[in-house]
Structure formats: C-alpha cells, structure tokens
Amino acid sequence: MRHSMPNSELIQQRKKGSVLTALLLSRSILFFLFQGTIAIALNSWIASQKYWIIVATAGNLVSISLLYGLYKREGKTYLAIFTINKENWKEDLKLVFSLSMVGVLLVFLTPYLLSTLLWSEPTEINNILTGSVSPPLTYFLIVVFPVTMALAELATYFGYVMPRLATILARKEIAILVPVLFLSIQHCFLPLVFDIRFIIYRGFMYLPFALLLGLALWRKPRLLPYFAILHGFLDLLAVLTTLQVESST
C-alpha cells in the first residue's frame, strides 16, 4: 500500500510523457505523410517538394485539432492561450518589440549565413522551395497558411509541451531545449528533400530564433499571443516571397 501512490504517479508521468513525445513528433510525421500523399498522387517525390506550403497548412490544421482535443481533455480552452493580458499589455508589448527586432534579424541572417556556407550558389534553394499552384489555391494559402501556422506551431511546442514537460523533468532547461530542437528540426520535412545540405540547412535555419522564443516564453508565457502574431506575419512574408519568385519565372 505504501508503494501504490508512487507507482500511480509514475504511471501518470509515463502517460503524460508519451503524449508529449507523440505531440513533439506529430508535426514532422504529419508533414512527411502529407508530402508522401502528394508524391503518390503526382507519382514523383521531387514534384511533391514544390507543394510544401500545402503540406504545412494541412499539418497545421491537424495540429490545431489535436491541441483543441488535448486542452478540452484537461478542462481548458485551446484558444484561451492566445488571450492578451490586459493588465500588462503595455509592458509586454515593449518587451515583444525589443525581442522581435532580434528575432527578425535571426530569421533572415541565419538562413543567409547557412546558405552561403553550404552552397556556392545560394539561389539553388529558391528552385527547391518555389512551386506553382493554381491562382485560386494561391490566394487561399496566402490567408490560411500564416493563420494556421500562427495558431499551431508555437502553441504546440511552447504553449502545450514546454510547461508540461517541465513538470516531469528534473532539469528545467531540458524542458526548454527539447521543444526548441523539435521546432527547428520539423523544418527538415518542409519539404523533405533527400539532400544532406538541404536537410542541414532546413534543420538549423530557425534554431537561434526558436531558442529566443523558447527562452522568452519560458520566462513569460503570456507573450505567446504576440509571438504567434509575429510568427504569422513572417509566414505571410514567406508565402508572398514565394509567389513573387514564381511570377517572375
């Protein structure tokens, strides 16, 4: 009887750990499966690489559904994590602005440095990432891709996983680093290209930015809504940049 309580707690921790592990892996797996489905439809893995924005959007929708169900199971509301704190919004906005300046610099500088290191002609990356979809679908993705990314990505890794991981790990820094690494590595599957240079590039291009977000949201979780908006804006730029390149070819 004396050992029943510790054992039950251990079982609960293992169950929680299994859920968190599955959620950490889920986005990479979803991206792989959706790209694989497109590859089967097109009978070409290489051709499927051009549809990475569609793959990401589909994965985001599933992630949002998973988060909705997990929060509901805990008796919480998923969208509540995007509520802006009305008492501290001025202070939070100033902090987010300062961090965003650093973050935006990392978002553009890190990929540039990696591309110049890995390729003699960095424009090769554009040939991989740019695709061609019909105009109606393009306009749809301009709206849906950044919105779903804003609602799914940070909420998965830092809104849900990170604080719960901290409750079952002795070392809190691991609870920060694990979501950061999985957020960064998921980009290897957007798109998955069987080229070691491209995999390294995609896996590390957002690592400094992810670390900045992880540290900031660990210290102040209430900043999540602001960073979600920033994230959506950056993804909107990514879509518009892709469209601009497509229109010029």
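Thr110 counts as buried because its relative accessibility is 14%, where buried means under 20% relative accessible area, exposed over 50% and partly exposed in between, with a 1.4 Å probe and protein chains only. The structure is a predicted model, in which local features need pLDDT of at least 70, side-chain atom pairs count only at pLDDT 80 or more, and totals for chains, interfaces and linings use all residues. Residues are numbered from 1 along each chain as its sequence is written, and side-chain values use heavy atoms, with hydrogens and water left out.

Thr110 is placed in helix 4, helices being DSSP runs of H or I with at least four residues, numbered from the N terminus. A polar atom of the Thr110 side chain lies 2.9 Å from the backbone oxygen of Leu106. When neighbours within four places in sequence are left aside, Thr110 is in contact with Leu105, Phe204, Met205 and Pro208, contact meaning heavy atoms within 4.5 Å.

Helix 4 (residues 89-118) packs with helix 9 (residues 207-219) at an angle of about 155 degrees, the axes being 8 Å apart; axes are lines fitted to C-alpha atoms, for helices over the stretch in contact, and angles run from 0 to 180 degrees between N-to-C directions. Helix 4 is therefore roughly antiparallel to helix 9, a term applied to angles over 145 degrees, with those under 35 counted as roughly parallel, 65 to 115 as roughly perpendicular and the rest as oblique. On the side of helix 4 the contact is made by Leu99, Val102, Gly103, Leu106, Val107 and Thr110, and on the side of helix 9 by Pro208, Phe209, Leu212 and Ala216. These residues divide into 8 nonpolar, 2 polar and no charged, where Ala, Val, Leu, Ile, Met, Phe, Trp, Tyr, Cys and Pro count as nonpolar, Asp, Glu, Lys and Arg as charged, and the others, Gly among them, as polar.

In helix 8 (residues 196-204), the residues Phe198, Tyr201, Arg202 and Gly203 are buried, and what covers them includes helix 4, helix 5 (124-129) and helix 7. The N-terminal end of helix 8 is capped by Asp195, a side-chain oxygen of which lies 2.8 Å from the backbone nitrogen of Arg197.

The largest nonpolar core has 40 residues, of which Tyr78, Phe158, Tyr160 and Phe227 touch the most other members; such a core is a set of buried Ala, Val, Leu, Ile, Met, Phe, Trp, Tyr and Cys residues joined through side-chain atoms within 4.5 Å. Two or more residues are given to this core by each of helix 1 (4-42), helix 3, helix 4, helix 6 (135-166), helix 7 (172-185), helix 9 and helix 10 (224-247), and helix 6 gives the most, with 10 residues. Beyond its neighbours within four places in sequence, Tyr78 is in contact with Ile64, Leu67, Tyr68, Tyr71, Leu151, Ala152 and Ala155. A second, separate core of 20 residues includes Trp52, Ala56, Ile125 and Leu141.

Asn60, in helix 3 (residues 52-73), counts as buried because its relative accessibility is 0%. Its side chain makes a polar contact with the side chain of Thr148 at 3.1 Å. Residues up to four places away in sequence not being counted, Asn60 touches Arg27, Phe145, Thr148, Met149 and Ala152.

Gly232 has its place in helix 10 and, not counting residues up to four places away in sequence, touches Pro146 and Ala150. Gly232 and Met149 are 83 residues apart in sequence, whereas their C-alpha atoms are 6.2 Å apart in space.

Terms used. A polar contact is a pair of N or O atoms within 3.5 Å; within protein, one must be able to donate a hydrogen and the other to accept it, and residues adjacent in sequence count only if both atoms are side-chain atoms.
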